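Below is a short report on helix packing and backbone geometry. Please read it alongside the model.

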Amino acid sequence: MNVMWVTQLLGNTPTVRYGLSEDSLSMSTVGTSHTYHQGGWNGYIYLVELTGLTPNTTYWYQVGDPEWKWSQIIYSFNTAPTTPVSMNEVFTFITYGDMGSSNAADPDLYWLNQAAVMHEADAILHIGDISYADGYQPGWDLFLQKIEPVAARIPYMTAPGNHEEFFDFAAYRNRFQMPTPMSDLYNENRLNLTMYYSFNYGNTHIIAVSAEELWGLAPDLHPGGDQYEW
């Protein structure tokens, strides 16, 4: 499970403390920090990977820095089941494309918040056109503030759309950490290059494909391209 958050000032020891109850966050993991400056954005993004979690289990967690402050809200999430599972077992995914941070999205956010609090879905698949920031970086901050109560409780899986294209997907690449298909494609560090990927959940295999590079030309989707070969 990957946990990400943002602060304006740099914390030296980005940490997630977690446990099996809200009152007993007895485990902790330290992660990494990174930033980007395209579009004039300033801040720090933290990534902590929680490993060794027990399947089909609810964990409670809090993010922050032991030398600084902790988040005010303690969230919880459910881990995925052990695989393989029965083909008859039912899992629920909420899937949508387009949202943005304007008031027009608020009714959907209200419904998503209710689903998240009740853990009525196993994962959310947001398939492109996420914040509609269109290069305006505060638009990303606003969207992620609004979606936090949802994405903090349910795995929030994304794919890039054309509205993420600005600055070569800089905001998308840095703000989301998805499973990577392989290391060092294009001779680049793929730590945050999460344009396409796949993963298993229960009896389901989910594939996310990106067709948006170079404003829809997507050269790596043509024969011989990395994504095509993958």
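In which hand, left-handed or right-handed, does helix 2 pass helix 3? The crossing is right-handed. That label applies when the near helix is turned clockwise from the far one by less than a right angle, and left-handed when it is turned anticlockwise.

This is a predicted model: local features need pLDDT of at least 70, side-chain atom pairs count only at pLDDT 80 or more, and totals for chains, interfaces and linings use all residues. Residues are numbered from 1 along each chain as its sequence is written, and side-chain values use heavy atoms, with hydrogens and water left out. Helices (H or I, at least four residues) and strands (E, at least two) are DSSP runs, numbered from the N terminus.

Two packed helices are described by the angle between their axes and the distance between the axes. Here the axes are lines fitted to C-alpha atoms, for helices over the stretch in contact, and angles run from 0 to 180 degrees between N-to-C directions.

| Helix pair | Axes come within | Crossing angle |
|---|---|---|
| helix 2 and helix 3 | 12 Å | roughly 25 degrees |
| helix 1 and helix 2 | 8 Å | roughly 25 degrees |

Helix 1 and helix 2 are therefore roughly parallel to each other. On the helix 1 side, D106, L109, L112, N113 and A116 meet K146, I147, P149 and V150 of helix 2. These residues divide into six nonpolar, one polar and two charged. Nonpolar covers Ala, Val, Leu, Ile, Met, Phe, Trp, Tyr, Cys and Pro; charged covers Asp, Glu, Lys and Arg; the others, Gly among them, are polar.

Helix 2 and helix 3 are likewise roughly parallel to each other. Their contact (heavy atoms within 4.5 Å) is made by Q137, W140, D141 and L144 of helix 2 with F167, A171, Y172 and R175 of helix 3.

Which residues of helix 2 are buried? They are Q137, G139, W140, F143, I147 and V150. Buried means under 20% relative accessible area, exposed over 50%, and partly exposed in between (1.4 Å probe, protein chains only). The buried residues pack against strand 8 (93-96), helix 1 (106-117), strand 9 (123-127), strand 10 (156-159) and helix 3 (166-175).

Helix 2 (residues 137-151) also has a kink of about 35 degrees at Q145, shortly before the proline P149. The bend is the angle between axes fitted to the seven residues ending at a residue and the seven starting there.

**Backbone details**

F167 lies in helix 3. Its phi is near 55 degrees, a positive value in a residue other than glycine. F167 is partly exposed, at 43% relative accessible area.

N56 also has phi near 55 degrees, again positive in a residue other than glycine. N56 sits in the loop between strand 5 (44-49) and strand 6 (58-64). N56 is exposed, with a relative accessible area of 61%.

A cis peptide bond joins T83 and P84, with omega about 0 degrees. P84 is in the loop between strand 7 (75-78) and strand 8.

**Strand 1**

N2 belongs to strand 1 (residues 2-7). N2 is partly exposed, at 35% relative accessible area. Leaving out residues up to four places away in sequence, N2 touches L47, V48, E49 and Q177. The C-alpha atoms of N2 and T51 are separated by 8.9 Å, with the two residues 49 apart along the chain.

Technical notes. Angles under 35 degrees count as roughly parallel, over 145 as roughly antiparallel, 65 to 115 as roughly perpendicular and the rest as oblique.
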